[in-house]
Amino acid sequence: MTVHGPGAEPGEHSFSEENSARVVIESLRNTRDERLKYVLTSLVEHLHAFVKDIEPSHAEWQQAVDFLTAVGQKCSDTRQEFVLLSDVLGVSMLVDAINNRRSTAATDTTVVGPFHMVESPRRELGANISLDGNGEPCVFAGQIRSADGTPLPGALVDVWQANGAGYYDVQQPDVQPERNLRGLFSADERGRFWLRTVVPRYYPIPDDGPVGQLLAVSGRHPNRPAHIHVIAEAAGHAALTTHVFVEGSPYLDSDTVFGVKRSLIRPVTVVDDPIRAEHYGVDAPFRLIEFDIVLDPLPGPDQR
Ligand code: BEZ
Ligand code: FE
């Protein structure tokens, strides 16, 4: 009795080591969505080539299944282990690179990471986003411009970071105030933004799960250099997801998620100028991280 469906005989379509990918790809022929068909076909081709390369034992394949199961089970409302896996394997940065083949004028991009899971609260320019005061006080300021240098008034700047102990608010719900070190700001009429915060500290990505085990067995550390996350948006421009990294931070040369770009590193300067201090609503001397951001205009209708 045939188990191959009406009209089909076992033979050229039956599964073998040699034709494995072709047989599975043939089974995808009725996939209606052409993009999905392309993606699934490529997945099968690469996955079968991978398995043929490593020739796993049954026990090893079960280990792989158990690992992915553990990654899924570690996910919760405040923990995204699959994003971490993508990050430490460099896939997040590769997807970012593919999607940001932009003009050389625009600010470089980097990973969004798994901690932008709650909305940043709207805050006034100059507000202090450090609600727990854990860290060295610091002003974070810059200007948002278009690629031709024109300032972008009213551009939105979404900022989030870890505190002086290296933790995000969502990692310490019983310790940090909700929405600590998060803020959504509108730039002023000259595209400028400024806010008060603390100097971020380097930190380990959450490493008490399967991704941490993967790092450990590979002899890799889990750390990221000190950084502030930024998403900048302005009408008629491509939104930009990036970080500013703190000059001199440990791990700038070995970020565990491969996110560092030299162009994004800025010093923490100490400014002893009462006029600038007054503008930012702080006392002199004060620490300052300056980070100007350039956005690419979206192509007009005739250039798409
Ligand atoms: C972050 O920078 O928040 C981050 C990025 C990737 C993995 C873990 C954390
Ligand atoms: Fe981060």
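Mentor: Start with a term: a polar contact is a pair of N or O atoms within 3.5 Å. Keep in mind that this is a predicted model.

Trainee: OK, how far is an oxygen atom of ligand 1 from an N or O atom in the side chain of His227?

Mentor: The distance is 3.0 Å, from an oxygen atom of ligand 1 to an N or O atom of the His227 side chain.

Trainee: And what about the side chains of Tyr168 and Tyr203?

Mentor: For Tyr203, a polar side-chain atom is 2.7 Å from a ligand oxygen. For Tyr168, an N or O atom of the side chain lies 3.3 Å from an oxygen atom of ligand 1.

Trainee: How much of the ligand does the protein bury?

Mentor: Ligand 1 exposes 260 Å² when taken alone, and the protein buries 100% of that.

Trainee: Which elements give two or more residues to the shell around it?

Mentor: Those are α4 (81–88) and β7 (227–233). The residues surrounding ligand 1 include Leu84, Asp87, Arg224, His227 and His229. By class, the shell has seven nonpolar, three polar and two charged residues.

Trainee: Switching to cavities. How many of 30 Å³ or more turn up in the whole structure?

Mentor: The search finds one. The largest cavity has a volume of about 80 Å³, and the space taken by ligand 1 is that largest cavity.

Trainee: What lines the largest cavity?

Mentor: Among the lining residues are Val111, Gly113, Pro114, Phe115, Pro206 and Val257. The lining divides into eight nonpolar, two polar and two charged residues. Tyr203, which has the 2.7 Å pair with the ligand, is also part of this lining.

Trainee: Last topic, backbone. Which residues does a cis peptide bond join?

Mentor: Ala284 and Pro285, with omega at about -5°. Pro285 sits in the loop between α7 (274–280) and β11 (286–290).

Trainee: What is the phi of Leu181?

Mentor: Leu181 has a positive phi of about 60°, although it is not a glycine.

Trainee: Where does Leu181 lie?

Mentor: Leu181 is in the loop between β2 (156–160) and β3 (182–186).

Technical notes:
Residues numbered from 1 in each chain as written. Chains lettered and ligands numbered in written order. Predicted model: local features only at pLDDT ≥ 70, side-chain atom pairs only at ≥ 80, totals over all residues. Heavy atoms only, no water. Near = heavy atom within 4 Å. Polar contact = N/O pair within 3.5 Å; in protein donor to acceptor, adjacent residues only side chain to side chain. Areas by Shrake-Rupley, 256 points an atom, 1.4 Å probe, with all protein chains shown as cover. 1 Å grid on protein atoms, 1.4 Å probe; cavity = no way out; pocket = protein on both sides within 12 Å on 5 of 7 lines; lining within 4 Å. Sits in = over half its atoms within 2 Å of the grid points. Helix = DSSP H or I, 4+ residues; strand = E, 2+ residues; numbered from the N terminus. Nonpolar A, V, L, I, M, F, W, Y, C, P; charged D, E, K, R; others polar. Points joined across faces, edges and corners; volume = space filled by probe spheres on them.
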